[in-house]
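Colleague: I'm new to this one, could you walk me through how to read it?

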Amino acid sequence: MLRAVDVSKSYGGVVALDGVTVSVCRGEVLALVGDNGAGKSTLVKIVSGVVRADKAELYVLGNSVDIGSPAVARSLGIRTVHQEQKLAENLDVIENLFLGEELARWTGPLHMVDFNSMVRPTEVALSKLRITTIADIRTPVARLSGGQRQAVAVARATLGQYRIVLLDEPTTGLSVEASARVMDMVMQLREGGCAVVLVSQSIEEVFEVADRVAVLHHGRLAGVFARAETTPEEVVTAVMGGQL
Amino acid sequence: MRSEENIGQRGAGDVRVAAAREVRDGGQRGAQLEEGQRQAGASRPGGRQSRVPSWLSAIVEQGTAMPALISLVVIAVFFEIESHYFLTGSNLSNLVVQTTTLVPVALGEVGVLLLAEIDLSLGSIVGATSAILGVMVSEVGVPWWLGMIIALACGAAMGAFQGAWIAFIRIPSFVVTIGGWLGFLGLQLFILGPQGTLSIFNPQVAALTGSYIPGGAGWVVGGALAVAVVARALLRLRAAGGRRRLGSLTLPALAAALMVGVVAVLNSYKGVPTAFVVVMGLLFAGWWILQHTRPGRNVFAIGGNPEPARRAGIGVRRIRFTAFVIAGTLGAVGGLMAASYNSSAGTLTGGGTLLLEAIGAAVIGGTSLFGGQGTVWAALSGALIMSAISNGLDLMNASSPVKYMVQGAVVLLAVTVDTLLRRRAGRSRRLGGITMSVGAP
Ligand SMILES: Nc1ncnc2c1ncn2[C@@H]1O[C@H](COP(=O)(O)OP(=O)(O)OP(=O)(O)O)[C@@H](O)[C@H]1O
Ligand SMILES: [Mg+2]
């Protein structure tokens, strides 16, 4: 479904990614793990069109693609929940869930936004994740708690039809219950035929849902492990750069 | 984001998500519903615990226009007591016509301020486009309508030029539009040449600010608008099925009463000024675009924080560019109004305090200088406040120094009152970011 070949990116002198190649298939969850600063988010941002790689070959459904902007990524069926900068704080929950793709009544250059038709899908999306503490979906997101905001961001992944879903640390700040729902969501996406890339710091989480685990170390790919054939110890060792 | 529209729908959206939960966890449901209710009570501003009277916070909730409207009433009463002439039909009619230069400029400014940008060149665009109109009509001799179209197109082009620099080359708008301010002023002086003024003797150009629509037509339009506003609010109240408080009718009712009152007053003199109709049309168009279209909604997202907007696939650059094109065009509308009102274009047209009055008007009306918050009605209410003060002080034969000092004080006062009300109602001026002229929310 998605193949990223030989991806390199440096920020000034800092090499964030150095010749990384990963792929993820239909109905597969690829976990992306690594130390802080290993380059996980950078890879996610490149595939979602937020930053440009210095060098990369990207393939979606086998076709070579040039993901030059987030809009291109979206049109290729790629949905991303970023680690930061994911919500428009001054807008309410509904507008954040549909940010950039507000449901509209008319087409043409001036789509007329239809707020009422967005209420129900918002409620459904939140209830899927068991987000029960947001009293009013017209509350500006700035007035929600950190975990509630995270939940709103993750709920975006459940809306619409996407082939490829990238989740960058989606459970950070979430309660145990909500994190479990996010893992359910990942499984549902997988069963629905999506290719899911899950960035996570939690080895338990990774071993719960991932089919394969890709380990990044200092911007290089330190290995890809099939879950069935590996152990948490082996993955942790790779994350640490080979030494125990 | 607390435009009338959004507030209007807040009630409708006030559906506890808990209620949408599937039935299979019925056992926990009661408890969770209770939790939801507790949360709802606690998080609603102006709830029972609040020290602010609920009607007051309701008014603040209702829209940013309210404090400005109240200020306007206070100003009107004050000047009426002082001069006994302020509230006459002829004076109010003159006041409205005088404001028609300021309102389009303020409207353009609201559009760019919502994006957390600023346009300091609009005064010069007013001046340059009025000079262009003058040359076209008085010297080149094109028909009045073609002259107006050319002036508007030039305003749009000036906005596009700056917008390209701002949106695509990413030079801060503050700097680009300072350049525009000087450059377009130079253009204005160049067009006007050594004699410095151009008289415009053209009946149609003069009619823009010098004609009035007949009383009957004024009643039909004003009445229809008033009925539409109230009917819409009533329909919404019914659709919301009692979830909305009756208080949500306050603003529509007031607005309708105001419309009828304005038509009555203006008709008592010569009728509704044509220029006022034009300006109201622009305001309604601006309101509709910002509240109801996708690019309009995206303006608020970008103004709040451009990065999430960009990541969501919104065409940030295109929207920024367009906002400056629109601002330039609205500057040209101001230029047409000024040329029409003065029957001339001069080196001073669009100069002086016009630009800062426009920014002041936007801010008095509740538009944040830091983006993401405000409404187009700010342009109208703020501009009316600025003009009313100036007009009232003229009636009192106040001198220029006094006028400026009073205007300055009122800007400060209006924004302070607005900010304090908002803070007490539990809403910071700019959510989640820097707060304007407020410390902590
Ligand atoms: N905008 C930027 N400018 C400069 N350097 C950056 C930028 N973004 C990331 N980097 C650098 O690139 C490297 C990889 O960062 P990245 O965010 O991809 O790490 P990560 O694996 O997601 O880490 P974390 O687990 O902390 O989220 C880091 O060394 C970081 O300092
Ligand atoms: Mg990261």
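Modeller: Let's go through the strands, a helix, a loop residue and the ligand sites.

Modeller: This is a predicted model, where local features need pLDDT of at least 70, side-chain atom pairs count only at pLDDT 80 or more, and totals for chains, interfaces and linings use all residues. Residues are numbered from 1 along each chain as its sequence is written, chains are lettered from A and ligands numbered from 1 in the order in which they are written, and side-chain values use heavy atoms, with hydrogens and water left out.

Colleague: In which order do the 6 strands of the open sheet stand?

Modeller: The general idea is that strands of a sheet pair through backbone hydrogen bonds, either parallel or antiparallel. Strands (E, at least two residues) and helices (H or I, at least four) are DSSP runs, numbered from the N terminus, and two strands pair if DSSP finds at least two bridges between them. Here the order is E6-E7-E8-E3-E9-E10 in chain A, with mixed pairing. E6 and E10 of chain A are at the edges with a single partner strand each, so one side of each has no neighbour in the sheet. On average, neighbouring strands of this sheet are turned by 15° against each other, direction ignored; the axes are lines fitted to C-alpha atoms, for helices over the stretch in contact, and angles run from 0 to 180 degrees between N-to-C directions.

Colleague: Do E3(A) and E9(A) run parallel or antiparallel?

Modeller: Parallel: 5 bridges join E3(A), residues 28–34, to E9(A). Ala31(A) has Val213(A) in E9(A) as its bridge partner. On the other hand, E9(A) (residues 212–217) and E10(A) (residues 220–226) are antiparallel, over 6 bridges, and Leu216(A) stands opposite Leu221(A) in E10(A). Their hairpin has 2 residues between the strands, and His218(A) takes a positive phi near 50° there.

Colleague: Which strands does H6(A) lie across?

Modeller: H6(A) lies across E3, E7 and E8 (195–199) of chain A, and runs at about 155° to E8(A).

Colleague: Is Thr171(A) buried or exposed?

Modeller: Buried means under 20% relative accessible area, exposed over 50%, and partly exposed in between (1.4 Å probe, protein chains only). Thr171(A) has a relative accessible area of 12%, so it is buried. You'll find Thr171(A) in the loop between E7 (164–168) and H6 (176–191) of chain A. Leaving aside neighbours within four places in sequence, its contacts (heavy atoms within 4.5 Å) are Gln150(A), Ser179(A), Val182(A), Met183(A) and Glu205(A).

Colleague: Which residues coordinate the magnesium ion?

Modeller: Donors are N, O and S atoms within 2.8 Å of the metal (3.2 Å for Na, K and Ca), and water is not among the atoms, so sites may look incomplete. For ligand 2, the magnesium ion, they are Ser41(A) through OG and Gln83(A) through OE1, at 1.9 to 2.0 Å. Ser41(A) is in H1(A) (residues 40–47) and Gln83(A) in the loop between E6 (78–81) and H3 (93–97) of chain A, so the pair ties together parts 42 residues apart in sequence. Ser41(A) is buried at 15% relative accessibility, while Gln83(A), with a relative accessible area of 31%, is partly exposed.

Colleague: And how many residues surround ligand 1?

Modeller: There are 14, and the closest are Gly37(A), Lys40(A), Ser41(A), Thr42(A) and Gln201(A). A residue is near a molecule or strand if one of its heavy atoms lies within 4 Å of it. A polar side-chain atom of Asn36(A) is 3.0 Å from an oxygen atom of ligand 1.

Definitions and conventions. A polar contact is a pair of N or O atoms within 3.5 Å; within protein, one must be able to donate a hydrogen and the other to accept it, and residues adjacent in sequence count only if both atoms are side-chain atoms.
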